[in-house]
Amino acid sequence: MRGHLLFQKTLALVVGAVMLATCVARAQTVSPPAAGPLRPYVFPPVEQFQLANGLKVILVQKHTLPVVEGRLIVDAGAMREPAAKNGLASLTGSLLSEGTGDMTGADIARAMDVLGAQYSTSANFNAGFADVVALKTVFPQALTLAARTVTAPSFPVGEVSRVKNRALAAYQQTQARTAGLASDAFIRAAFDSTAPFSRPASGTPATIGALTRDDVVNWHRTMYAPSAATLLLVGDLTPAEARSIAQQAYGGWTATRSALAPVENPIRPSSGTRVILVDRPASVQSSIVIGQPGFRATDPDYLSMVALNHVLGGGFSNRVNLNLREKHGYTYGAGSTLDLRPGSGAFRITSDVRTNATDSALVEAINEYKRVASEPVPAPELQGAVNNLVSGFPSAVQSVQGLTGRIQQLIVWGLPVDFYVTYRERLAAVTSADVRSVATSRLTPNNLIVVVAGDLSKIEAPIRARNLGTVEVWDVNGNKVR
């Protein structure tokens with residue numbers, strides 16, 4: 001009896017497994033349903049005004065939750081600093097929150113904690129930032145406190161030393177990874193040595209170590225001024241409330257600054273593909289970067305380039321990832337990015353791959369770059385990529401933080417603040433012909449910069465044997481070894 005019951009249970013399990021496998025097989029052979037029409041979405045209202053001291057204020061109203069984010073964006077990023085002072089903008093941005101005339105950094109942190117506010121200061125390549133997020137009821141107090149760290153920072157000597165040491169440690173950590181080595185080599189190869197983008201925004205050990213408190217004080221005095229800043233307010237505020245809060249926090253800021261010319265990022269001229277190798281002995285993986293400089297958000301074909309990027313390397317089901325990961329198993333993930341900067345940015349494929357598959361992964365990734373540059377993207381594939389972008393946009397901006405990040409991009413890139421009002425519709429209208437046009441006019445598949453950082457004792461000979469381009473070996477500081 002027991003044997004009969006056991007047989008019946010086993011038989012049921014086998015039948016169930018067969019049925020499940022059959023259903024899965026059928027599901028894999030059936031095409032997914034066609035995308036439905038674009039669901040309506042209204043971007044939140046955006047308003048602009050200016051304080052008497054020249055500070056520009058942008059308000060994005062979002063009343064779903066009683067939360068507000070205030071982000072001051074100052075044209076004082078690393079792109080503005082002299083090459084000899086590389087890292088000064090980043091150091092200054094990090095030090096803003098470390099004290100004012102009557103408060104230490106710890107005092108400021110405790111005060112923000114009492115308000116339940118999140119606060120940080122920083123600076124990257126594009127700008128300096130002071131960001132605060134708080135409930136509406138306490139936001140005026142939080143923003144006023146944040147403003148004091150921007151308008152009257154004290155830059156304590158001890159904190160300058162501590163933050164410098166932290167920056168040096170962060171640089172060493174970056175250089176200990178193949179991805180950091182490859183990224184640095186790529187920007188050095190892509191841009192002229194006079195271009196701000198050719199330097200790491202956080203500086204190098206030589207430049208960071210030479211920076212002084214006087215450098216920080218002078219940078220703040222000459223670069224931080226209301227005429228060079230934008231206050232971005234996002235969340236549960238009315239226009240009247242926004243004006244009052246902005247005036248209370250920043251209306252007394254009286255610093256002045258001369259107007260500066262737009263930043264240029266001159267590209268390093270080249271002809272033919274360059275393959276640059278950077279040695280990291282005993283590395284178990286290689287980091288690859290493949291691409292070219294020369295893209296801006298203000299380009300008329302920007303949205304076509306966004307669509308092309310998503311086909312090649314955006315999302316999980318992009319061409320590069322399906323090839324390198326799903327088909328060949330060279331990597332855990334691969335993709336492409338459109339890194340936009342004032343003056344000029346870059347378009348590149350990146351991935352970390354197995355050491356013993358480095359040369360093969362390079363071949364496949366370069367072939368994908370050439371394919372998207374030379375062959376039309378089938379309409380169904382393009383539609384799937386674009387649908388993914390436009391359908392995901394509302395969720396990307398449903399929080400005040402998401403909205404703030406998107407509007408910040410417009411400010412930094414120099415695009416109109418109403419850009420996103422019709423963004424989805426314009427992106428959805430991109431055609432295969434548009435993508436074909438931007439691919440043939442902008443991509444240079446036979447004039448690429450290819451960078452690989454890894455164990456050269458294992459990867460150099462196989463890469464040279466592939467004849468992918470002119471091979472150079474660089475040290476970690478960008479100097480050609482051979």
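**The sheet and its helices**

I276 stands opposite E472 in β12. A word on the source: this is a predicted model, where local features need pLDDT of at least 70, side-chain atom pairs count only at pLDDT 80 or more, and totals for chains, interfaces and linings use all residues. Residues are numbered from 1 along each chain as its sequence is written, and side-chain values use heavy atoms, with hydrogens and water left out.

Strand β7, residues 274-279, pairs with β12 in the parallel sense over five bridges. Two strands pair if DSSP finds at least two bridges between them. Helices (H or I, at least four residues) and strands (E, at least two) are DSSP runs, numbered from the N terminus.

Helix α17, residues 456-465, packs on the sheet and touches β7, β8, β11 and β12. The direction of α17 makes about 165° with that of β7. Contact means heavy atoms within 4.5 Å. Axes are lines fitted to C-alpha atoms, for helices over the stretch in contact, and angles run from 0 to 180 degrees between N-to-C directions.

What is the strand order? The open sheet has six strands, β9-β10-β8-β11-β7-β12, with mixed pairing. β9 (331-339) and β12 (470-474) are at the edges with a single partner strand each, so one side of each has no neighbour in the sheet.

Now to a helix pair. Helix α10 (residues 302-313) and helix α16 (residues 432-442) pack at about 90°, their axes 9 Å apart. They are therefore roughly perpendicular to each other, a term for angles of 65 to 115 degrees.

Conventions: Angles under 35 degrees count as roughly parallel, over 145 as roughly antiparallel, 65 to 115 as roughly perpendicular and the rest as oblique.
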